[in-house]
Amino acid sequence: MKTVYRVLAYAIAALVAVQSAAIGYAVFAQMNWIETGGTLDKAAFETGAPGTGAMIFHALDGGVVLLLSLALLVVSFFAKIPQGVRWAVIVLVCTIVQIALGTLSHMLAAIGAVHGAVALVLFGVAVMTAMRARKPAAVEETVPANVA
C-alpha cells in the first residue's frame with residue numbers, strides 16, 4: 001500500500017504539471033491566432049479556435065486530480081505511513097481549493113493568478129507527500145546500560 005500511496009501522490013504532481021502545460025499551450029496558441037488576424041470570442045470557442053481543446057483538457061484533468069486525491073486519502077488509511085493521512089488530507093484540501101479558485105476565476109479574472117500560485121503549492125505538497133512515503137519510520141534505538 002505504501003507503493004500505491006507514493007504512486008498516487010506522484011501521479012497527482014505529474015497531472016498538475018500536465019495541466020500547467022496545457023493551459024500554457026492554450027494561452028499561447030490563442031495569442032498566436034489573434035496576432036495572425038483571428039478574433040477570440042464565444043463563437044470562436046464553439047467553432048474550435050486553437051487552444052480550445054487544451055482548455056477543455058485543463059478542466060477535465062482537474063477532475064482527474066480530484067479523483068486521485070480522494071483515492072490517495074482512502075489508501076492513506078491502509079498504507080501505515082507516519083502522518084500519511086494528514087498529508088493526504090492536505091493534498092485533498094489543496095485540490096479542492098484549486099478547483100474552487102479555478103471556478104471563481106470565471107467571475108473575477110484576478111483570482112486566476114491565485115489559481116496559478118496554488119497549482120505550485122499543490123504540486124509541491126503532492127511531491128512532498130510522495131517523498132514522505134519513502135522515509136522509514138523513526139525507531140528509537142535502545143542503548144544498553146553499562147554493566148559493572
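The chain has five helices and zero strands, where helices (H or I, at least four residues) and strands (E, at least two) are DSSP runs numbered from the N terminus. From the N terminus on, the order of elements is α-α-α-α-α. The radius of gyration is 21 Å, well over the 15 Å that the globule rule gives for 148 residues, so the chain is more spread out than a compact globule. That radius is taken over C-alpha atoms, and the globule rule is 2.2 Å times the number of residues to the power 0.38.

This is a predicted model, in which local features need pLDDT of at least 70 and side-chain atom pairs count only at pLDDT 80 or more, while totals for chains, interfaces and linings use all residues. Residues are numbered from 1 along each chain as its sequence is written, and side-chain values use heavy atoms, with hydrogens and water left out.

**Whole chain**

- The C-alpha trace spans about 90 × 25 × 25 Å along its principal axes.
- Of the 148 residues, 34% count as buried; buried means under 20% relative accessible area, exposed over 50%, and partly exposed in between (1.4 Å probe, protein chains only).
- Among contacts between residues at least 6 apart in sequence, 70% join residues at least 24 apart; contact means heavy atoms within 4.5 Å.
- The 8 positive and 6 negative charges have mean positions 17 Å apart. Lys and Arg count as positive and Asp and Glu as negative, without His and the chain ends; each charge is placed at NZ of Lys, CZ of Arg, CG of Asp or CD of Glu.

**Nonpolar core**

- The largest nonpolar core has 25 residues, and those with the most contacts inside it are Tyr5, Ile12, Leu72, Val91 and Leu122. Such a core is a set of buried Ala, Val, Leu, Ile, Met, Phe, Trp, Tyr and Cys residues joined through side-chain atoms within 4.5 Å.
- Helix H1 (2-35), helix H3 (52-79), H4 and helix H5 (111-132) each supply at least two residues of this core.
- H1 gives the largest share of the core, seven residues.
- Leaving out residues up to four places away in sequence, leucine 72 touches Tyr5, Leu8, Ala9, Ile12, Ala88, Val91 and Thr129.

**Glutamine 98**

- Glutamine 98 sits in helix H4 (residues 84-104) and is buried, with a relative accessible area of 9%.
- Apart from neighbours within four places in sequence, glutamine 98 is in contact with His115, Val118 and Ala119.

**Asparagine 32**

- Asparagine 32 belongs to helix H1 and, at 45% relative accessibility, counts as partly exposed.
- The C-alpha atoms of asparagine 32 and glycine 51 are separated by 10.0 Å, and the two residues lie 19 residues apart along the chain.

**Loop between H3 and H4**

- Most residues other than glycine have a negative phi.
- Lysine 80 lies in this loop and has a positive phi of about 55° although it is not a glycine. At 66% relative accessibility, lysine 80 is exposed.
- Glutamine 83 is also found in the loop between H3 and H4, with a positive phi near 60° in a residue other than glycine. Its relative accessible area is 41%, so glutamine 83 is partly exposed.
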